[in-house]
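Work through the exercises below with the sequence and the model open. Each task is followed by a solution in steps.

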Amino acid sequence: PKVSVVVPAYNEENNIVDCIRSILENTKMDDALLEVVVVDDLSQDRTLERITQFKRTHGRGSILKIVSAGPRPKDVKWHGKTWAVTQGSKQCDGEYIVFVDADVRLKPSGLDKAIAAAVANEAGLLSGDLQYKCKCFCEKLVQPIVLQNLVLNNDHEVVNDQDQPMAAAAGHIMVFNKELYDAIGGHEVVRDHVVEDVMIGYYTKVIAKQKVFYFDFTEVAYIQMYDSFSELLEGYSKNIFLAFDSSVVAVGLVSILNLIAFGVPPLAAVWGIQALLGGSTTGGVVMLSEALVSTVLQYSIRNKLSAAGRVDGEYWMLQPVGGVLLVCISWMSMFKTLTGLGWTWKGRKLTPPDPA
């Protein structure tokens, strides 16, 4: 089938060329069956300049289209990349349309594998778990904890069961049947949602009653999301609370579980040692045993993710720090949402979605 790839780009001068190159150079698709549409979302850096130069000098530049998203309507709320991908989708005529974030890198034959999976599973929407590469120290602390939470909270078999209401989608890469995408209204139906990927997955499966399939994308692509703690804080503080459907109870329960899983074991170890030194052998053994069992469980989950190619095992002993950090970011996300303060992303102001 012919495939259209849409890459939205806003202030992505450090990412955009490597992203496009990974798409064009890691596929066996003929030029006649592939088009790549890069949408400059009125970037304020050198994003457009770099895309233009790449198109002019690359051997497959002829199948690369550069589109300007243009100004957003002032009377309608369009959050995040929804406006850019909507403009890009209008330029596509492929049977399948693939949305790829600029911080994603396709692996060899990654695009081919994704399309093959969508066809084989007859998916209206295919998305999945990528490999996460962590660059900055804070990312190496927090990202593995986020992944462990996702593994424990998202049952992919249930997501892939069309008779179950649970839906999930990861916006880093999304493969749509183009006819279906247009029929449901595309990203416009989730234009005022900050976590538009989760919402369009829900809309596709639960509202439109179309097949959503969650796939293992670790052999398809990898992503490196944040270069600094400020970026990580900005990114996750806008997403986490909304990803839990704005439920204070859900965020509270998950926070408690994270504190028990990651925060309590080192404290238990300290208390255990103090108890032993104080002459309380039984209390000390109990505390140290709890710390040991919890640490072994943490390591086994992290090792499983590492073996699956999802994330490396570096700094796993600092998971307690990452777990507490994630709890703090989760509560910051909840505070910003409930107070109406909203968030910023790369300088753009975002506000909570309108009530349904």
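**Exercise 1: an aromatic pair**

Phenylalanine 137 has a relative accessible area of 45%, so it counts as partly exposed. The model is a predicted one.

Task: State which type of aromatic pair phenylalanine 137 and tyrosine 315 form, and where the two residues lie.

Solution. 
1. The ring centres of phenylalanine 137 and tyrosine 315 are 5.2 Å apart, and the planes make an angle of 85°.
2. Planes over 60 degrees apart count as edge-to-face, and edge-to-face is the type of this pair.
3. Phenylalanine 137 belongs to helix α5, while tyrosine 315 sits in the loop between α11 and α12 (319-338). The pair thus links distant parts of the chain, 178 residues apart.
4. Tyrosine 315 is partly exposed, with a relative accessibility of 36%.
5. The structure has eight aromatic pairs. An aromatic cluster is formed by Phe99, Phe176 and Tyr181.

**Exercise 2: the nonpolar cores**

Task: Find which residues touch the most other members of the largest nonpolar core.

Solution. 
1. The largest nonpolar core holds 58 residues.
2. Val5 and Ile173 touch the most other members of this core.
3. Beyond its neighbours within four places in sequence, valine 5 contacts Ile23, Leu34, Glu35, Val36, Val37, Val98, Val100 and Leu111.
4. A second, separate core has 22 residues, among them Val67, Ala69, Ile97 and Met174.

**Exercise 3: positive phi**

Task: Locate glutamate 122 and serine 246, and give the phi of glutamate 122 and of serine 246.

Solution. 
1. Most residues other than glycine have a negative phi.
2. Glutamate 122 has a positive phi, near 50°. It lies in the loop between α4 (110-120) and β6 (125-129).
3. With a relative accessibility of 66%, glutamate 122 is exposed.
4. Serine 246 also has a positive phi, near 55°. This serine 246 is in the loop between α9 (229-243) and α10 (248-277).
5. Serine 246 is partly exposed, at 36% relative accessibility.

**Exercise 4: asparagine 258 and tryptophan 331**

Task: Decide whether asparagine 258 is buried or exposed, then list the contacts of tryptophan 331.

Solution. 
1. Asparagine 258 is part of helix α10.
2. Buried means under 20% relative accessible area; at 7% relative accessibility, asparagine 258 is buried.
3. Leaving out residues up to four places away in sequence, asparagine 258 touches Ile145, Asn149, Gly263, Leu326 and Val327.
4. Tryptophan 331 belongs to helix α12 and is partly exposed, at 43% relative accessible area.
5. With the same exclusion of residues up to four places away in sequence, tryptophan 331 touches Val251, Gly252 and Ser255.

Technical notes: Residues numbered from 1 in each chain as written. Predicted model: local features only at pLDDT ≥ 70, side-chain atom pairs only at ≥ 80, totals over all residues. Heavy atoms only, no water. Core = buried A, V, L, I, M, F, W, Y, C linked by side-chain atoms within 4.5 Å. Buried < 20%, exposed > 50% of the residue type's maximum accessible area, 1.4 Å probe, protein only. Contact = heavy atoms within 4.5 Å. Phe/Tyr/Trp six-rings, centres within 6.5 Å; stacked < 30°, edge-to-face > 60°. Helix = DSSP H or I, 4+ residues; strand = E, 2+ residues; numbered from the N terminus.
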